[in-house]
Every structure is written in C-alpha cells, then in structure tokens.
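Hi,

Here's the structure I promised to pass on.

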Amino acid sequence: WQAVKTGTGNSEYSGKVTLGTTLSGSTYQLSDAARGAHKTYNLNHGTSGKGTLFTDADDVWGNGVGTQVQTAAVDAHYGAAQTWDFYKNVLKRNGIKNNGVASYSRVHYGNSYVNAFWDDSCFCMTYGDGSGNAAPLTALDVAGHEMSHGLTAATANLNYSGESGGLNEATSDIFGTAVEFYSSNASDVGDYLIGEKININGDGTPLRYMDKPSKDGGSLDAWKSTAGNVDVHYSSGIANHFFYLLSEGSGAKVINGVSYNSPTSNGSTVTGIGRDKAIQIWYKALTTYMTSTTNYKAARTATLSAASALYGGTTGAEYKAVAAAWSAVNVS
Ligand code: ASN
Ligand code: ZN
Ligand code: CA
C-alpha cells in the first residue's frame with residue numbers, strides 16, 4: 001500500500017522545506033503525489049538511465065550540506081514542486097504539458113559536473129554536483145529555468161539556435177526568476193540574478209544579470225544585427241533585459257536588498273508595469289503567439305499582441321510599456 005506524505009527536507013539553498021513524499025510499505029520515497037507524482041532519482045555519478053529513486057526511513061531528508069547525498073535531492077525535489085505550483089497558481093497551467101503529468105529529476109550526474117539541463121527525450125531535469133561536489137546546481141532559479149525548457153518545448157518550441165534560441169533561454173531565465181519570487185523562500189529571496197546561490201564563478205557572483213546582462217562579460221544588453229550568431233545564453237540577455245525593464249523600469253532600484261541599475265540603449269526612461277503583469281504577457285506570448293522560428297522582431301509583435309489581449313487593447317499603459325521596453329533594448 002502507499003500513502004501520501006509530507007516530509008521535511010534540509011536543503012542546501014532554501015533552508016528547511018516541506019517535501020511531497022510517498023510512504024510505500026515502511027519506506028518513504030521522493031515521489032510527490034500532489035504534483036503529478038514527480039520523483040527525484042539518484043544517478044550516483046552515472047550519466048545515463050534513471051538512477052535509483054530516493055528512499056528514506058524517517059521522512060527527514062538531507063542535512064543542508066551539498067556533499068551529503070540526499071541534500072541535492074531535497075533542493076531538486078523542492079524546486080520542481082515550487083515550479084509546479086507557480087505554473088498552477090500563477091500561469092493556471094497543470095504541469096509542463098498542461099495535462100497533469102510530471103517530469104522527473106535526476107541528481108548527482110557525473111563527476112564534478114558544473115551544469116544542469118533539461119532533456120526533452122526523457123522529459124526530465126538533471127543536475128550536476130558542481131565543482132568539488134559541494135555546490136550542486138540545484139538552486140530554485142536553476143530548477144525553474146530547467147523545467148521551463150520543458151514548458152517552452154511543449155508550447156512555442158523555440159528553436160535552440162539563433163535569435164529564437166536566445167528567446168528560448170530567456171524564457172527559462174524569466175520563469176526561473178518568477179519561481180524564485182513566487183516561492184517567497186526566506187533563504188532564497190527573489191532577485192533578477194540567475195544562479196546567485198550556486199557560486200558557479202567561485203567568487204560569489206551570479207551566472208547572469210537581468211537588469212544589465214553585459215555585467216556577466218558576454219551577454220547582450222540590446223539587440224544588434226549579429227545577435228543570432230552569439231551563444232544562446234548570451235543572446236538571451238536582450239529579452240532578459242526587456243523583461244527587467246518591463247517589470248521594474250529603467251534606472252536604479254533596490255529590491256529585496258539587491259541593487260539594480262538598468263540602462264536603456266536609446267536614452268529613454270522606461271516605467272515598469274510590475275513583474276506580475278510582465279509574467280502574464282510573456283506567458284501568453286509564448287503559448288499563443290510565438291512559434292519555433294520567432295526572432296526578436298517577432299517577439300516584440302507577440303508580446304504586444306499579448307499585452308493588447310490581456311490588458312485593454314493597444315491604447316493601454318501595458319501595451320505602451322511593452323513597446324517602450326523593446327525599444328529600450330533596440331528591438332523595433
Ligand atoms: N544549463 C544550461 C541550460 O539550461 C545547459 C545547456 O546549455 N545545455 O541552458
Ligand atoms: Zn537553459
Ligand atoms: Ca535568482
């Protein structure tokens with residue numbers, strides 16, 4: 001027999017969390033019945049197959065240290081749950097495919113693997129242990145980012161190269177960030193930084209910055225004619241910057257203790273409409289107006305159509321803000 005349970009997790013990045021678990025006989029499993037039965041598996045340093053479903057005797061998981069075997073699983077399982085809840089409660093979407101079916105997560109991929117990824121062929125997320133195995137790539141914004149590659153594949157299916165690839169990457173950064181804000185986790189408060197918890201650069205700096213993407217040394221702040229030729233994790237900067245400007249506006253701002261200073265490429269001043277509306281506009285554009293070949297120019301049109309449909313037509317403040325934010329990143 002099986003029973004739906006709520007376990008306790010000691011995560012590395014999100015403090016003490018509750019986990020959806022299943023009691024099977026006398027053993028607890030990391031299987032979240034309330035969220036499509038999403039499960040988390042241990043690859044135990046392998047690089048193929050599903051691995052082994054995490055089990056536990058007392059339903060208390062991990063010790064908060066990344067090198068402890070269950071801890072990465074706690075963060076990954078929690079991140080998938082928060083993303084599921086964000087889709088359900090904010091996007092009104094029942095899982096990645098809107099059919100109630102969950103993906104699954106695999107942790108401890110390979111050895112000292114400093115990355116995480118979505119694979120559409122297994123419909124699953126995979127996380128490396130990071131350098132020295134102490135900093136698994138399992139933080140909330142990373143989990144939301146990877147799971148949202150599944151969402152993009154199930155909807156607009158933006159090709160993962162050229163400008164559409166940058167839009168694909170930005171969609172994952174936008175929703176990963178939205179998940180971080182949504183979860184209101186006291187140990188991992190919302191910000192417009194990507195990967196600020198995983199110390200991927202070894203010096204405490206984040207992987208990416210949405211207010212001024214070029215701060216990472218490679219990402220584009222604004223569109224230029226060669227945008228389709230740069231790595232998709234750099235051309236994403238244009239849409240990440242658009243999303244920041246649309247949400248928060250240009251110039252200096254402090255949010256949850258983090259200082260931002262977002263420039264515009266055309267000298268304009270952009271006034272934000274708030275993150276909640278910006279999220280709805282991006283989601284409607286992704287699911288209704290974007291296709292696999294959407295480029296930056298078409299993304300402008302798609303988000304304008306979404307703003308018009310959601311918020312009072314082409315004369316509304318939201319429509320005008322979308323136009324202004326794209327113009328501020330040189331997309332016209
Ligand atoms: N973490 C990366 C991503 O999700 C992995 C990759 O580039 N394949 O985009
Ligand atoms: Zn990605
Ligand atoms: Ca973040």
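Which domains does the domain assignment give for the protein chain? There's domain 1 (2-154) and domain 2 (162-327), with bounds that come from an automatic or database domain assignment.

Before the rest, some housekeeping: this is a predicted model, where local features need pLDDT of at least 70, side-chain atom pairs count only at pLDDT 80 or more, and totals for chains, interfaces and linings use all residues. Residues are numbered from 1 along each chain as its sequence is written, while chains are lettered from A and ligands numbered from 1 in the order in which they are written.

Back to the domains. Their C-alpha centres lie 26 Å apart. The contact between them (C-beta atoms, placed from the backbone, within 7 Å) takes 22 residues from domain 1 and 25 residues from domain 2. On the domain 1 side, helix H1 (71-89) and H2 each supply at least two residues, and H2 has the largest share with nine. Helices here are DSSP runs of H or I, at least four residues, and strands are runs of E, at least two, numbered from the N terminus.

H2 turns up again at the ligand. Around ligand 1 you'll find Asn 115, Ala 116, Phe 117, His 145, Glu 146, His 149 and Glu 169, taking a residue as near if its C-beta atom, placed from the backbone, lies within 6 Å. Strand S10 (116-119) and helix H2 (140-154) each supply at least two residues of that shell, and H2 gives the most, with three.

Cheers

How values were computed:
Contact = placed C-beta atoms within 7 Å.
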